[in-house]
Amino acid sequence: MSNAVIKKTLISLAVAGAVTMAHADVVIGVAGPHTGAYAAFGEQLWKGAEKAAADINAAGGLNGEMIKLVKADDACEPKQAVSIANRLVDSDGALAVVGHFCSSSSIPASRIYEEGGVLMVTPASTAPMLTDQGFPNVYRVCGRDDQQGDVAASYIVDVLGAKRIAVIHDKDTYGKGLADAMKSTLNAYGVKEVMYEGLTRGEKDFNALITKIRSVDAEVVYFGGLHSEAGPLVRQLREQGSKAIFMSGDGIVSDEFVSVAGSPEYVDGVLMTFGASPTSYPAGKKVIKEFRDDGYEPEGYTLYSYTAMQVVAAALSNNNLDPVKAAKWLKSNSVDTVMGKKDFNDKGDLTVSDYVVYEWNAQGKYNQVN
């Protein structure tokens, strides 16, 4: 019997009263890319979870116990994600995990958490496969790629009126999944892409690819991937004289996108899909102000991570800190968060997704356009 299964059994026995387990604190992992090329997103997850935990602890904690956060760095690498998932379950004794960020990390890690009876709530992993696995313990407080892809394709066809679309992806679970979802809806509209190609994560010279893009006279370049490749790609497009509209997804929701592009002028006019602004909620406005008063700008997935922690806290506190029962409880109970009331379906997905389109400007900021 594995350590994860033993832990799952002991938790169940403890809650049933067969044994007594004393909690000095409630351990919750915050898993994501805390180092490496995607560390900006890991910081967003950590900052959101950290503040939420501090606010919850200040209000009395979970059933009188304090939350203790454990930072778990997966660097957006699947093998490393599995390693830290095992550590969180077997060594750290985590009851829940806020994370991961990359879908390619979340999917293999989720199997470890399911075996160990650990509640997993991701703020950012959008691949449909994650919840399509059917694990009872896996939730997300963001939307899915098929929902995000629908919004992007609809905007390209209905608003931009474009007919010549080049679809590029980074061959990763998230990037390719997002590109394929957008492409599927695009094709359903009767629009056939003029180009469909993958690039390699970590690559920086896209001149040969851009020559192909220009040769098909693309009106729109849609990229499924993260800011680390999107930035150099859009810069080199502009340097080669391409006027094609550049559009991507939530993988570029970071100031790092501007940095790796080299200058705000290169991101001017770039479109992206992301969730509706949390400033529409009074609780969201309050937390954003508190972050800013502390000198931190809560961009991207910061408030999603805060929300994920609130979901974890509500589920655990209403189920005597039993993560297995907490996971089941979320299927039929709403949670009030800084981003509004969250309800989940049987898969662990939100019942309502709120993707909209944003546009980056020459000042390196983005604003909602629909």
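Contact here means that heavy atoms lie within 4.5 Å of each other. With that idea in hand, let us walk through this structure, which is a predicted model.

## A helix under cover

Let us start with helix α9, which runs over residues 227–239. How many of its 13 residues are buried? The count is 10 of 13, and α9 is mostly covered. The buried residues of α9 are His 227, Ser 228, Glu 229, Ala 230, Gly 231, Pro 232, Leu 233, Val 234, Gln 236 and Leu 237. What does the covering? The elements over these buried residues include the helices α2, α8 (207–215), α10 (255–261) and α11 (264–267), along with the strands β8 (220–224) and β9 (245–248).

The length of α9 agrees with expectation, because 13 residues at 1.5 Å a residue should span 18 Å and the end C-alpha atoms are 18 Å apart. After α9 comes Gly 241, which has a positive phi near 90°.

Now turn to helix α4, residues 103–116. This helix has 14 residues and reaches 20 Å from its first C-alpha to its last, close to the 20 Å expected. Where does α4 bend? The bend is at Ala 109, and its angle is about 30°.

Of the 14 residues in α4, 11 are buried, so the helix is largely enclosed by the rest of the structure. Among these buried residues are Ser 103, Ser 104, Ser 105 and Ser 106, as well as Pro 108, Ala 109 and Tyr 113. Gly 117 follows α4, and its phi is positive, near 70°.

|---|---|---|---|---|

## One disulfide, and a cysteine apart

A disulfide is a covalent bond between the sulfur atoms of two cysteines. This structure holds 1 disulfide. It joins Cys 76 to Cys 102, with 2.0 Å from S to S. Cys 76 is in the loop between β2 (67–73) and α3 (78–90), while Cys 102 is in the loop between β3 (96–99) and α4, so to speak of the link is to speak of distant parts of the chain, 26 residues apart. The angle about the S-S bond is 85°, and the link of Cys 76 and Cys 102 is right-handed. Are these two cysteines buried or exposed? Both Cys 76 and Cys 102 are buried.

Cys 142 is in no disulfide, and the nearest cysteine sulfur, that of Cys 102, is 12 Å away. Cys 142 counts as buried because its relative accessible area is 3%.

## Rings that meet

The structure holds 12 aromatic pairs. In one of them, Phe 41 and Phe 101 are stacked, with 4.4 Å centre to centre and 15° between the planes. Phe 41 lies in helix α2 (residues 39–58) and Phe 101 in the loop between β3 and α4, so this pair ties together parts that are 60 residues apart in sequence. Phe 41 and Phe 101 are both buried.

Why is the pair of Tyr 139 and Phe 344 edge-to-face? The ring centres are 5.1 Å apart and the planes are at 80°, and planes over 60 degrees apart count as edge-to-face. Tyr 139 is in strand β5 (residues 138–140) and Phe 344 in the loop between β12 (340–342) and β13 (355–360), 205 residues apart. Tyr 139 is buried, with a relative accessible area of 0%, and Phe 344 is buried too, at 4%.

Phe 41 and Phe 101 also belong to one aromatic cluster, whose members include Phe 257, Tyr 304 and Trp 360. Elsewhere, charges meet rings. The charged end of Lys 71 sits over the ring of Trp 46, 4.7 Å from its centre, and that of Lys 183 sits over the ring of Tyr 196, 5.7 Å from its centre.

Thr 307 lies in helix α13 (residues 302–317) and is buried, with a relative accessible area of 1%. Beyond its neighbours within four places in sequence, Thr 307 is in contact with Val 141, Thr 337, Val 338, Met 339 and Lys 342.

Phe 291 lies in helix α12 (residues 282–293) and is buried, at 6% relative accessible area. Leaving aside neighbours within four places, its contacts include Lys 47, Tyr 296 and Leu 303.

Definitions and conventions
Residues numbered from 1 in each chain as written. Predicted model: local features only at pLDDT ≥ 70, side-chain atom pairs only at ≥ 80, totals over all residues. Heavy atoms only, no water. Disulfide = S-S within 2.5 Å. Helix = DSSP H or I, 4+ residues; strand = E, 2+ residues; numbered from the N terminus. Buried < 20%, exposed > 50% of the residue type's maximum accessible area, 1.4 Å probe, protein only. Phe/Tyr/Trp six-rings, centres within 6.5 Å; stacked < 30°, edge-to-face > 60°. Lys NZ or Arg CZ within 6 Å of the ring centre and 35° of its normal. Expected span 1.5 Å × (residues − 1). Bend = angle between axes of the 7 residues up to and from the residue.
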